[in-house]
Amino acid sequence: MNSQDSFSFTRCLSGGQLLELDACTQCGECLKYCPVQEVTGDRSVSPPEKIRHFKEFIKKTSGLRRWLFAGGRIDENLLQDFTKAVFECTTCGACGQACTVGIHTQRLWPMLRREMVKRGLGPVGQQKETPEAVSRTGNPYGKPSGERFSWFLASEAKVAEKAKLGYYAGCTGAYEAKPMVRGDVLALSRVGEPFTMLPPEEEVCCGFPLFITGQFELLEGLVKRLAGAYAAKGVETLICSCPCCVNMISRDWPSFYGRRLPFRAMHISQYIDRALRDSRLSIAKALDERLIYHDPCYLSRGLGITEEPRDILSRIPGAKLLEFERNRTNSRCCGSGGAARKVFRDNALAIFRLAINEACEKKADRLVLSCPACYSVAGAALEGYDRQVDVVDIMELLSEVF
Amino acid sequence: MMAEGFLYFLAIAALLVYASFIIRTAVHLASWLKGPSPEKPGHGQSPGGGNKNIRAAALDVIFLRRLFRVNRVLWVGEWVFHVSFLLVLIRHLRYFLTPVPQFVWQMQSAGRAAGYVLPFSLLYIIIIKAAANRGRQMFAYNYFLLAGFFLISSLGALMTLYFYPDVVAVKEFMMFSLDPRALFSGALPESPLAGMSGEVPFLAHFLLALTILFYLPTHIFAAPFTIYKARRRDESMKGNFYPSP
Ligand code: SF4
Ligand code: SF4
């Protein structure tokens, strides 16, 4: 692999995505929604810049110009700057939501990343270690499977051997946002419908951190292993705490699995909201608090799930639900998406601190989250910051009021 | 007075620009028709189409509803620009078609009025963008197009108001430039542009239009499709994307 290899830059893109590149009017309307731009002021991350550069690369490697003028070398610095920009993006999709021509950027950026990986230019920083960590330990953090969730499961939940309902904790939840996973399991137990889980050593990465950083090589194996294991347990509905996992399972697993999945994926907030509506679950205690809910990008823009978490929170007696200025499908990223949290840590902290600031200004008692990546960056952003707000996961909060 | 050689040069330049436009459009069209990527992953869910989505997407395109959602101040200018530009384009069809279709004749007064509105709408857009961006986020290509259209439309309005070029000569020249056989036979149009009133503004207008056509953005054709795709995506996520069993 080499950055100047003669393959066209279009090889990872579908016809629809080439159409999207051509559709960009360079109007710049999406810029004001980009969280990375907001905290860095760096124009190179902006969608029109990324699209403009990538179109230039295509022209040089496969356009009319190459055909007529025998192509040309692409400036190595430009390639490197572009790679940094496309990996610094959190893939939050806010630009696509605001895009005046409807470009699906949350889907486009990962494919541009894939191309840079194929050319040996990406991924960046610690992202390079993800495949090795996943191969060795089953999770992108390189942590032992023993630490995954056995610490609370045995004492607090009854997990069935086989059931139609499955729960997938996900790596970020299991290692970096443990109270979330505990909250999920407590809520599921409270509903009473039997649910099953894979043992910690079998519950490996869903593949999202590899997919989003353009490293596809392990994906087929992971997907087949997980999908086969859940199928063997008779799972028909797989509940996840992480919106990225739900996206990955629903959108991409079928292609790596080679056929339709034998189950469907759901976010925990959907399942619990349904249980509350059907009176299979009830809230016993009141909570005299002002809560502000942050929409995770892959839940709101990725899956269109914005009302279920709000419905859950609005059912808590005494709780007052506040809104961020930017909410629902227009929400601002927490800063940790797209596997950028560890590599571009300063950006992630600065972006999440914008949410902390607004929550403080609105006098929220607690900032409610529903994604383990948001949860993980929240802790880091609060550390040493002069403004403080309590952060809680939605299921963690719910487990306080049963 | 315009030399005969220059007239030929102009016609040949026009022909080359038209040809490059057609080739460029065809190449892009072929790339859009490329199937899914040979890479493994799906490229997003494939929600159903349906007449409802087509209708909604058509309204999204006609009323630039996606822009309306994010920037209403700019939307006013952009919508007026797009509508007046369309009317002006229809008015211009009389120079390219023989016989001129009835609807083109019927649209002449609307097109004339739109011709006066067009430069103002562009000026408004440029001011709004420059004010909003305060020099920070200038996208050169976008400004180049806006400035180009502004100059072309201003010259167009001036020709309608003050310079009155000979429309018969203009039409003959346009038909000549569209007909390679006539061009290469060496026969000049019967009423060449030479010496006609408004010769200079017309030439500037025409050359600028050729330049813009050469750099014409692909989004003109691509955007309606991406807007339709976005509408399908939005509709597919309404309510519960992954419903409970
Ligand atoms: S996906 Fe998010 S971070 Fe990336 S360019 Fe768009 S708005 Fe910026
Ligand atoms: S809003 Fe869409 S069309 Fe406009 S610059 Fe951004 S990506 Fe391009």
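1. The side chains of E235(B) and R231(B) meet in a salt bridge, with N to O at 3.1 Å; a salt bridge here is a side-chain nitrogen of Lys or Arg within 4 Å of a carboxyl oxygen of Asp or Glu. Because the two residues are 4 apart in helix 11 (residues 219-237) of chain B, they are separated by about one helical turn. Helices (H or I, at least four residues) and strands (E, at least two) are DSSP runs, numbered from the N terminus. E235(B) is buried at 17% relative accessible area, and R231(B) counts as buried at 16% relative accessibility. Buried means under 20% relative accessible area, exposed over 50%, and partly exposed in between (1.4 Å probe, protein chains only).

2. This is a predicted model, in which local features need pLDDT of at least 70 and side-chain atom pairs count only at pLDDT 80 or more, while totals for chains, interfaces and linings use all residues. Residues are numbered from 1 along each chain as its sequence is written, chains are lettered from A and ligands numbered from 1 in the order in which they are written, and side-chain values use heavy atoms, with hydrogens and water left out.

3. Over all chains, a search of the whole structure finds 39 salt bridges. In general, side chains of opposite charge can pair when their charged atoms come close. One of the pairs in chain A is R43(A) with E49(A), whose closest N and O atoms are 3.6 Å apart. R43(A) is partly exposed at 27% relative accessibility, whereas E49(A) is buried at 7% relative accessible area.

4. A further salt bridge joins E176(A) to K342(A), with closest N and O atoms 3.2 Å apart. This pair links distant parts of the chain, 166 residues apart: E176(A) lies in helix 10 (residues 171-176) of chain A, and K342(A) in the loop between strand 6 (320-323) and helix 18 (345-361) of chain A.

5. From strand 3 the chain crosses through helix 14 (residues 243-257) of chain A to strand 4, a right-handed β-α-β crossover; right-handed means that, with the strands pointing away from the viewer, the path from the first strand over the helix to the second runs clockwise.

6. A187(A), in helix 11 (residues 178-191) of chain A, counts as buried at 0% relative accessibility. Not counting residues up to four places away in sequence, A187(A) touches I272(A), M395(A) and F402(A), where contact means heavy atoms within 4.5 Å. The C-alpha atoms of A187(A) and I268(A) are separated by 9.1 Å, although these residues are 81 apart along the chain.

7. Chain B has 11 helices and 0 strands. Of its 245 residues, 43% count as buried. Among contacts in chain B between residues at least 6 apart in sequence, 78% join residues at least 24 apart.

8. Cis peptide bonds join G122(A) and P123(A), with omega about -5°, and T98(B) and P99(B), with omega about -5°. P123(A) is in the loop between helix 7 (105-118) and helix 8 (130-137) of chain A, and P99(B) is in the loop between helix 4 and helix 5 (102-106) of chain B. Y164(B), a residue other than glycine, has a positive phi near 40°; Y164(B) lies in the loop between helix 7 (140-163) and helix 8 (167-177) of chain B and is exposed at 54% relative accessible area.
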